[in-house]
Amino acid sequence: MTDHDSELLFARAGAALRAPHPRDAAEIEALVRRVGAAPVVHVMPARAWLPWWVGIAAAGVAFVIGLGVGRTGGARTTVASTGGRPTLVSQVASIGGGEQSIAFVFVAPAARKVSLVGDFNGWDASATPLQRTDGRNTWSIAVRLPPGRHVYAFVIDGATWVADPQAPLAPEQWFGQRNSVIVIPEDRRS
Amino acid sequence: MTDEELVGRAVEGDTDAYAALVERYYSSCARIARRMLRNDADAQDVVQSTFLRALRALDRFDRRRVFRVWLFTILVNQCRTAMTGRRRREQRFSDDDVSLHAAIDERPAGAIDESHLVAAAVETLEPLLREAFVLKYVEELEYAEMSAITGAGVSALKMRVKRACEALRPKLEAIYHD
């Protein structure tokens with residue numbers, strides 16, 4: 001058998017194994033349903049306690065096209081535009097007295113409402129509702145937090161409790177749920 | 001729409017865009033997992049887990065990379081993890097001829113077709129040889145892509161493919177010449 005014949009033999013075997021599998025369609029359908037039901041695509045508070053200048057530095061390194069700095073509710077919000085699409089880089093502001101404003105950003109296109117719960121609001125799902133900020137996918141809110149360790153989670157549609165996958169999990173549980181933890185450092189600028 | 005465009009939309013929360021990526025790559029992932037794990041149910045678990053992990057990590061995906069290669073890397077690692085936890089079951093398949101004949105004998109009359117026979121032959125290969133053969137001849141990847149996915153060097157992968165082909169040749173010749 002020549003090398004060419006061998007190559008044809010293995011190529012034929014590979015083609016045989018590419019034949020459609022009868023279970024694929026049902027498995028794809030099941031997975032697409034799970035993807036559609038997943039309320040969390042990504043959450044970004046893990047970056048929220050970065051100093052405000054980190055956002056600007058990161059934006060500069062990434063050759064960001066545009067940079068806007070605004071104020072919302074007393075919080076400095078740094079938003080970099082890359083390729084015409086806004087990308088939230090970081091959100092943090094010193095309020096005074098060591099308190100800082102932390103923006104919690106949550107992407108959940110299918111949600112009807114999203115709330116922030118934590119030890120700072122008594123785990124009250126009605127106390128800190130997030131607002132849609134881009135009219136479609138993104139929910140956010142700025143919350144003043146004192147320096148220290150805070151445990152929190154998001155509540156989707158008043159029922160589904162979701163920890164932040166990009167933040168460390170707190171070892172302790174509240175109401176049988178795992179939650180995320182955020183540590184606010186002392187503001188060295190104040 | 002390209003993978004890059006779908007990834008960009010999915011990162012911004014468009015679940016339909018991610019569903020499109022699932023539909024585009026599910027069959028490839030399932031083929032790799034079925035051959036690696038030799039068990040359809042385990043393969044389904046691993047593939048579904050792979051796509052959900054990739055979804056959660058999508059905003060950290062380096063857009064300079066090829067999405068398919070990144071996805072297959074997660075998949076191969078998931079398969080290896082699953083195989084490590086299943087060594088006892090793997091031992092059932094330690095004898096090449098027993099495995100091949102058993103795979104054939106277990107199928108009902110009339111159900112044995114070319115793909116079943118080839119699959120049974122490929123499944124007799126050692127895991128690393130099987131992985132290399134599937135990526136090369138089933139998914140038709142370049143060696144550079146295979147290297148990125150498996151973490152092995154190109155020369156090592158060429159050697160694995162060569163050894164896989166040497167082991168498979170008599171089995172495939174028997175299948176195609178019978």
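## Helix α1 of chain A

The face of α1(A) turned away from its buried side carries A:Asp3, A:His4, A:Glu7 and A:Leu8, which are exposed. Keep in mind as you look around that this is a predicted model. The helix itself covers residues 3-17 of chain A, 15 residues in total. From its first C-alpha to its last it reaches 21 Å, close to the 21 Å expected at 1.5 Å a residue.

Now turn to the other side. The buried residues of α1(A) are A:Ala13, A:Ala16 and A:Leu17. Seen down the helix axis, these buried residues fall within an arc of 105 degrees, so they line one face of α1(A). What do the buried residues of α1(A) pack against? Their partners belong to chain B: α2 (15-37), α7 (114-122), α8 (127-138) and α10 (154-177).

## Where the two chains meet

The contact draws 28 residues from chain A and 33 residues from chain B. On the side of chain A that touches chain B, α1 and α2 (24-37) of chain A each supply at least two residues. How do the residues on that side of chain A divide into nonpolar, polar and charged? There are 16 nonpolar, 7 polar and 5 charged.

The largest nonpolar core has 56 residues. Within this core, B:Val22, B:Ala33, B:Val47, B:Leu75, B:Val118 and B:Val122 touch the most other members. Its largest share, 12 residues, comes from α2(B). A second, separate core has 24 residues, including A:Ala111, A:Trp139, A:Ala142 and A:Ile156.

Setting aside neighbours within four places in sequence, B:Val122 is in contact with A:Leu17, B:Arg35, B:Arg130, B:Phe133, B:Val134 and B:Leu168.

Helix α3(B) runs through residues 40-57, with 18 residues. It reaches 25 Å between its first and last C-alpha, close to the 26 Å expected at 1.5 Å a residue. Its buried residues are B:Ala43, B:Gln44, B:Val46, B:Val47, B:Gln48, B:Thr50, B:Phe51, B:Ala54 and B:Leu55.

The 24 residues of α10(B) should span 34 Å at 1.5 Å a residue, and the end C-alpha atoms are 33 Å apart, which agrees. Where in α10(B) does a kink lie? A kink of about 40 degrees is found at B:Leu168, shortly before the proline B:Pro170. B:Leu168 is buried, as are B:Leu157, B:Arg160, B:Ala164, B:Cys165, B:Lys171, B:Leu172 and B:Ile175 of α10(B).

Not counting residues up to four places away in sequence, B:Arg160 touches B:Leu128, B:Leu129 and B:Ala132. B:Leu128 is 32 residues away along the chain, yet the C-alpha atoms of the pair are separated by 7.2 Å.

In chain A, A:Ile102 lies in strand β4 (residues 99-107). With 23 other C-beta atoms within 10 Å, A:Ile102 is buried. A:Ile102 and A:Arg144 are 42 residues apart in sequence, while their C-alpha atoms are 6.2 Å apart in space.

How values were computed:
Residues are numbered from 1 along each chain as its sequence is written. Chains are lettered from A and ligands numbered from 1 in the order in which they are written. This is a predicted model: local features need pLDDT of at least 70, side-chain atom pairs count only at pLDDT 80 or more; totals for chains, interfaces and linings use all residues. Helices (H or I, at least four residues) and strands (E, at least two) are DSSP runs, numbered from the N terminus. The expected span of a helix is 1.5 Å times one less than its number of residues. A residue is buried if 20 or more other C-beta atoms lie within 10 Å of its own, exposed if 12 or fewer, and partly exposed in between; C-beta atoms are placed from the backbone. The arc is that of the directions from the helix axis to the C-beta atoms. Two residues are in contact if their C-beta atoms, placed from the backbone, lie within 7 Å. Ala, Val, Leu, Ile, Met, Phe, Trp, Tyr, Cys and Pro count as nonpolar, Asp, Glu, Lys and Arg as charged, and the others, Gly among them, as polar. A nonpolar core is a set of buried Ala, Val, Leu, Ile, Met, Phe, Trp, Tyr and Cys residues joined through C-beta atoms within 7 Å. The bend at a residue is the angle between axes fitted to the seven residues ending there and the seven starting there.
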